[in-house]
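Please examine the structure shown below alongside the following explanation.

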Amino acid sequence: MTDKTMTVDEVVGRLRSGMTIGIGGWGSRRKPMALVRALLRSEITDLTVISYGGPDVGLLAAAGRIRRLVAPFATLDSIPLEPHFRAARERGAFALTELDEAMFMWGLHAAANRLPFLPVRAGLGSDVMRVNPGLRTVTSPYEDGEEFVAVPALRMDAALVHLNRADRLGNGQYLGPDPYFDDLFCEAADTAYVSCERLVDDFGPDTVPQTLLVSRHSVTGVVETPNGAHFTSCVPDHDRDEPFQKLYATTPWPEFAARFLSGKSEDDYQAAVRAWREEEAR
């Protein structure tokens with residue numbers, strides 16, 4: 001067995017400009033934000049990002065790190081449209097491949113199973129086909145002769161996901177209500193990095209097997225990052241930080257980045273958040 005523990009900087013040290021990066025979670029829920037912030041501290045750019053988009057997309061878009069985004073949406077959940085994503089998209093800062101949520105999921109399935117595409121009904125008769133002229137259809141070879149959308153595999157160079165618990169071997173556990181397809185992100189990528197709220201030595205005999213979402217065979221590295229999903233939720237460990245999310249959404253990007261993202265480490269970010277909370281309390 002191999003100890004796969006790493007630091008956030010060691011993870012980012014394995015990434016390169018021009019890569020296709022998948023980011024797990026959903027909207028503003030259980031995003032690997034500590035790893036995204038580490039990306040922002042690097043010089044890595046020109047990325048293709050695959051994500052059920054949230055503030056991960058907003059941060060990277062505002063910082064000019066995205067060349068193409070592949071996503072069904074970009075939302076902060078309690079704030080319907082991610083504002084920094086919107087601003088970057090409106091100024092034409094990156095290309096966008098917008099897929100239906102089901103098409104996106106089956107693109108992950110195709111990549112996880114090393115298939116070039118999977119046929120789906122989702123998208124037929126919709127503007128998804130119009131705004132993505134590169135999409136193709138296929139016809140069933142059987143008697144039904146039905147036409148399907150051939151959703152291309154969403155292969156990635158690397159996936160970044162955040163879970164509640166993980167062990168040093170790379171097994172990951174979620175404790176909240178939804179897996180958010182993080183297992184598919186890991187299986188669809190050439191390399192996968194799991195950040196977690198807490199590293200554990202083992203999961204214990206009473207662990208519910210279905211919560212062990214991510215298996216070590218698909219994981220390259222594991223990082224312990226307490227509060228590493230902030231400001232997104234990671235229930236039951238913590239809810240979304242709604243006051244801070246509102247601050248993020250309403251503060252001009254240069255001002256937000258200077259105050260919270262100009263430090264040299266994740267500890268600097270967490271300290272800046274604590275200082276802001278203390279100011280608000282006064």
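The paragraphs that follow treat helix packing, a salt bridge, the cavities and some backbone features.

This is a predicted model, in which local features need pLDDT of at least 70 and side-chain atom pairs count only at pLDDT 80 or more, while totals for chains, interfaces and linings use all residues. Residues are numbered from 1 along each chain as its sequence is written, and side-chain values use heavy atoms, with hydrogens and water left out.

Helices here are DSSP runs of H or I with at least four residues, strands are runs of E with at least two, and both are numbered from the N terminus. The axes of H2 and helix H3 (residues 55–62) come within 10 Å and cross at roughly 5 degrees; axes are lines fitted to C-alpha atoms, for helices over the stretch in contact, and angles run from 0 to 180 degrees between N-to-C directions. H2 and H3 are therefore roughly parallel to each other, given that angles under 35 degrees count as roughly parallel, over 145 as roughly antiparallel, 65 to 115 as roughly perpendicular and the rest as oblique. From H2, Met33, Val36, Leu39 and Leu40 meet Pro55, Asp56, Leu59 and Leu60 of H3, where contact means heavy atoms within 4.5 Å. This contact of H2 with H3 comprises 7 nonpolar, no polar and 1 charged residues. In this classification, Ala, Val, Leu, Ile, Met, Phe, Trp, Tyr, Cys and Pro count as nonpolar, Asp, Glu, Lys and Arg as charged, and the others, Gly among them, as polar.

The structure holds 15 salt bridges, each being a side-chain nitrogen of Lys or Arg within 4 Å of a carboxyl oxygen of Asp or Glu. One of them joins the side chains of Arg41 and Asp9 (3.8 Å, N to O). This pair links distant parts of the chain, with Arg41 in helix H2 and Asp9 in helix H1 (residues 8–12), 32 residues apart.

On a 1 Å grid over the protein atoms alone, a cavity is a set of points where a 1.4 Å probe fits but cannot get out, and lining residues have an atom within 4 Å of a point. The volume of the largest cavity is about 60 Å³, and the structure holds 3 cavities of 30 Å³ or more; grid points are joined across faces, edges and corners, and a volume is the space filled by probe spheres set on the points.

H10 also packs against another helix. The axes of helix H8 (residues 242–250) and H10 come within 12 Å and cross at roughly 100 degrees, which makes H8 roughly perpendicular to H10. Pro243, Phe244 and Leu247 of H8 make the contact with Tyr269, Val273 and Trp276 of H10. The residues of this contact are 6 nonpolar, no polar and no charged.

A cis peptide bond joins His230 and Phe231, with omega of about 10 degrees, and Phe231 is found in the loop between strand S11 (221–224) and H8.

Key
1 Å grid on protein atoms, 1.4 Å probe; cavity = no way out; pocket = protein on both sides within 12 Å on 5 of 7 lines; lining within 4 Å.
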